[in-house]
Amino acid sequence: MLVKCKIESLEESSNDWIKTNLQDCFHLRSYYDGLQLGEYYVVHAIQYSYIPFVYVYTESFWDVPDPFPLEFFEVVDPRLSKHFRLGTIKYSPIRTGLDSIISFKEWADNPDFYEDLYYKAKYTKVTKSYRKKLGLEFFNPNLNISGESAMILDPKMSWLFCPACTESWEVKTDNEMTACPSCRLYYFNPFIKNAGEES
């Protein structure tokens with residue numbers, strides 16, 4: 001799922017309920033300082049706690065995805081990751097108690113996962129792994145995408161050739177995006193039908 005930031009703060013919200021009920025948890029300006037108007041964000045979790053929240057990575061001090069009201073964003077690509085499943089979460093921007101969450105297995109199966117991210121290194125390793133996976137699964141304008149197409153060397157073995165550095169590699173996933181292992185330029189995966197088209 002890909003979203004684009006359309007407002008950066010509670011003051012810009014047109015929803016009075018959001019302004020009133022989120023004032024306490026958004027009282028620190030630094031909470032949403034990392035959000036950039038017009039920027040694209042890959043969604044790492046979706047939580048419903050009276051209103052929908054999406055968890056995205058910003059330029060905040062902590063290297064964890066932060067929850068923002070979905071109203072802050074325009075949904076650019078509504079497709080859910082193949083890694084997502086339904087679970088529960090204890091943490092909520094609004095209240096205590098369990099809420100429903102849609103995210104990857106480790107998060108969905110552990111109601112304390114979000115709080116554990118701040119204290120246990122093994123959990124940040126998990127999120128870093130999914131950050132890479134989710135970033136390549138669908139079209140992602142934040143990547144350094146080549147203006148040229150990767151050349152197919154062997155369609156049966158899914159081998160590609162990078163015109164920028166002449167490296168070749170085998171594409172072993174069904175992600176829409178793939179990266180040259182040498183120069184790290186990103187390409188649309190030519191083995192995926194309609195790769196690069198937003199839904």
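Which residue lies over the face of Tyr57? In this predicted model, where local features need pLDDT of at least 70, side-chain atom pairs count only at pLDDT 80 or more and totals for chains, interfaces and linings use all residues, that position is taken by Arg131, at 3.8 Å from the ring centre. Residues are numbered from 1 along each chain as its sequence is written, and side-chain values use heavy atoms, with hydrogens and water left out. A charge is taken to sit over a ring if NZ of Lys or CZ of Arg is within 6 Å of the ring centre and within 35 degrees of the ring normal. The charged end of Lys133 likewise sits over a ring, that of Tyr130, 4.7 Å from its centre.

Across the whole structure, 13 aromatic pairs are found, a pair being rings of Phe, Tyr and Trp (its six-membered ring) with centres within 6.5 Å, counted as stacked if the planes are under 30 degrees apart, edge-to-face if over 60 and tilted for the rest. The pair of Phe104 and Tyr130 is stacked, because the ring centres are 4.1 Å apart and the planes lie at 5°. This pair links distant parts of the chain, with Phe104 in strand 8 (residues 99-104) and Tyr130 in helix 4, 26 residues apart; helices (H or I, at least four residues) and strands (E, at least two) are DSSP runs, numbered from the N terminus. Phe104 and Tyr130 are both buried, that is, under 20% relative accessible area with a 1.4 Å probe and protein chains only. Ring pairs also join Phe104 and Tyr130 in a cluster with Tyr55, Trp107, Phe113, Tyr114 and Tyr123.

Note on methods. Buried < 20%, exposed > 50% of the residue type's maximum accessible area, 1.4 Å probe, protein only.
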